[in-house]
Number of protein chains: 2
Amino acid sequence: MHICKKSRTFAAVILENSVYMSRTEISSLGEFGLIRHLTQGIKTVQPSTQIGIGDDCAVMDFNKGDASQKDARVLMTTDLLLEGIHFNLEYVPLKHLGYKAAVVNFSDIYAMNGTPTQITVSLGISKRFCIEDLEELYSGIRLACERYGVDLVGGDTSASMTGLTISITCLGTANAEDIVYRNGAKEHDLICVTGNLGTAYMGLQLLERERLVAQTLNPNGETPAEALHFEGKEYLLERQLKPEARRDIIEKLREAGIKPTAMMDISDGLSSELLHICQQSNCGCSIYEDKLPIDYQAAVLAEEMNLNIVTCALNGGEDYELLFTCDINDYEKLVPIDDLYIIGHITKPEYGAVLVGRNGEEMMLKAQGWNAFEADNR
Amino acid sequence: MHICKKSRTFAAVILENSVYMSRTEISSLGEFGLIRHLTQGIKTVQPSTQIGIGDDCAVMDFNKGDASQKDARVLMTTDLLLEGIHFNLEYVPLKHLGYKAAVVNFSDIYAMNGTPTQITVSLGISKRFCIEDLEELYSGIRLACERYGVDLVGGDTSASMTGLTISITCLGTANAEDIVYRNGAKEHDLICVTGNLGTAYMGLQLLERERLVAQTLNPNGETPAEALHFEGKEYLLERQLKPEARRDIIEKLREAGIKPTAMMDISDGLSSELLHICQQSNCGCSIYEDKLPIDYQAAVLAEEMNLNIVTCALNGGEDYELLFTCDINDYEKLVPIDDLYIIGHITKPEYGAVLVGRNGEEMMLKAQGWNAFEADNR
């Protein structure tokens, strides 16, 4: 079996992904040769990066560059992505997977109002993968690093008995006074979200649906592009396969002189994240169904698939949009910012977390976001 | 099947490990509940740790404590451990595994002449594991953190389709002028190692041998302790199952006013690490067979098992001892330091990396250390 080609069949149709025909076994290079091969030509751009790949540790000098202020802080976050749990290589191209694996870490740093600076990448790789696969994966990681100005400074690479494991840890910097935690929301604060919600989830539903179509039409071979139904829905695929971190919003808030009172990125669904903010800030919230930003294509697909788009917007994960609260006095400054939506406000803790429906009825928000430990998901 | 008990059977015999009879499913807590449960009561001791677990990122202030000098640097290293590749739960107790997973990262920081300060821990967990298993694993990680004064500041926890995945990233600090890289060795430098070599490897051979004995004697049940042959060999087990990082040596070198010219920890075997230093320092080396520090128990077991102990000392991994080079003028200062052995010296690059045998014959060193990507190891 030739994963280099086969796993790409379906994804190639979607994304005109490169299909390469050669297969070089990893054992031909060994661990150190593999690392050298994948990391050759990597340049660092952060002034804080002193030594990257090649020794027991990476070395950073956080007295340099943006981090040189006296009250500079170092931020650290980590994400583990496992095949079969977080991604399905039948329709996730490896380059996109690498890009996404890096970006979800950057998103956590921006969600503290910081700037990502360095990552380490650890990979567990089963026999199915060849050097060309890992080149694809790394090209995505490197592209994300270039776009966001982050340095790849180290990692660990190992064989794995089963699927692909990707563990990325990211460092970032921020001035102490700029950092935004989850626990600063207070009564009357405005609740804001960026972009749109539930779109990455609808992208996943679309990929799953078309994967089944492809399988049914042609269980063993390639599926002609015209047999699949992605037209007009490209944006949904992009949101699922190649999310971006909202650096742009962080920059705009800074330019506008706004410091959120609490902030998170939306990785597990709006409801789940809002409940975290309410719990840690000891407050309640009211959000309004008719204020939730929903993408038109996502709504159309939800209709087609008989799904409730509001439920998807509340509980669908992986949008990597920002959720934050702001002092009500920032209202005038918030309004001109593009792609930013005020969806409700913070209330007293005894009111709980409430969704106000289109016709005024109130429902309590529950964390129905995806739980990897649910029996059904394993 | 009840892994909580079953996986412990053999290991319990060895180490009188606690065998617990209850089994609490992870799904009963969910991801956030699980993290809260495992990390409750965690205290931080490093002055640089500002915010640990509970937000999108951990926050460090490296202007505080040891790291407050103007030329302070931040070190970063990461290690990925995968079930079936790096450990076998048939004989590795989870508490020891947690301890080792943390310590191997500390070892990398010490190998740069730094001090480990923070770790993040990411776990991929299959259905076989219950809450009690993870409590054991975490108790080992927490014990290592306590002993080495390192703070556990974050991580990620996820279901896994197959075995256990442990990814740990460690930060540390050092003054710029104290950091020791791999590339500073120069002609005539002394080559030193700590402790003894090949011992962890012989511990692994012993565990494998006795596992087969236990399986043969009693394929389905418990094996009585008296049927196994660990007596007098406890030290070998300890070296394999519960390695320590050589903080003590780093402190003694500092007290003696010695700064090594190049340093690494020995994780993949002496030959492999020496070749790294020679390559990166552009030099050759001569080491002497009769100078290699070998443990008596390890030598006895090698004899029993018909293995060449010198080969084991050169190529056996996981000793986590330090390998370093020193200016020859430091000789007088080196000699009084306990558990430290001068095994050879650095030569011109054209001489290559040479082992001088007991009867004077010379052999070229090869990196025969364990390669996870070898076809046989997968």
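Good morning. The secondary structure of chain A comes to 12 helices and 13 strands. Please bear in mind throughout that this is a predicted model.

Let me stay with chain A for a moment. It has 378 residues, of which 53% count as buried. Turning to contacts within chain A, and taking residues at least 6 apart in sequence, 84% of these contacts join residues at least 24 apart.

Next, the domains. Chain A is divided into domain 1, covering 3-10 + 24-178, and domain 2, covering 190-370. Taken over C-alpha atoms, the centres of domain 1 of chain A and domain 2 of chain A are separated by 26 Å. To the contact between them, domain 1 of chain A contributes 18 residues and domain 2 of chain A contributes 20 residues. Which elements give two or more residues to the side of domain 1 of chain A that touches domain 2 of chain A? They are α2 (8-15) and α4 (94-110) of chain A. The largest share of that side, 9 residues, comes from α4(A). By class, this side of domain 1 of chain A has 10 nonpolar, 4 polar and 4 charged residues.

I now turn to the interface between the chains. Here, 61 residues of chain B are in contact with 61 residues of chain A. On the side of chain B that touches chain A, the elements giving two or more residues are the helices α3 (30-39) and α4 (94-110), together with the strands β2 (58-60), β3 (72-82), β4 (115-125), β5 (151-159), β6 (165-175) and β8 (262-266), each of chain B. The element that gives the most to this side is β3(B), with 9 residues. The residues on the side of chain B that touches chain A divide into 25 nonpolar, 22 polar and 14 charged.

There is also strand pairing from one chain to the other. Strand β3 of chain A, residues 72-82, pairs with β2(B) in the antiparallel sense over 3 bridges. Within β2(B), Val59(B) is the bridge partner of Leu75(A).

Finally, the symmetry. How can chain B be laid on chain A? A turn of 180° with a shift of 0.0 Å along the axis does so, with an RMSD of 0.0 Å. That is the relation of a two-fold axis. Moreover, 100% of the interface residues of chain B are also interface residues in chain A, so the copies meet through the same surface.

Thank you for your attention.

Technical notes:
Residues are numbered from 1 along each chain as its sequence is written. Chains are lettered from A and ligands numbered from 1 in the order in which they are written. This is a predicted model: local features need pLDDT of at least 70, side-chain atom pairs count only at pLDDT 80 or more; totals for chains, interfaces and linings use all residues. Two residues are in contact if their C-beta atoms, placed from the backbone, lie within 7 Å. Helices (H or I, at least four residues) and strands (E, at least two) are DSSP runs, numbered from the N terminus. Ala, Val, Leu, Ile, Met, Phe, Trp, Tyr, Cys and Pro count as nonpolar, Asp, Glu, Lys and Arg as charged, and the others, Gly among them, as polar. Two strands pair if DSSP finds at least two bridges between them. A residue is buried if 20 or more other C-beta atoms lie within 10 Å of its own, exposed if 12 or fewer, and partly exposed in between; C-beta atoms are placed from the backbone. Copies are superposed by least squares on the C-alpha atoms of residues with pLDDT of at least 70 in both. Domain bounds come from an automatic or database domain assignment.
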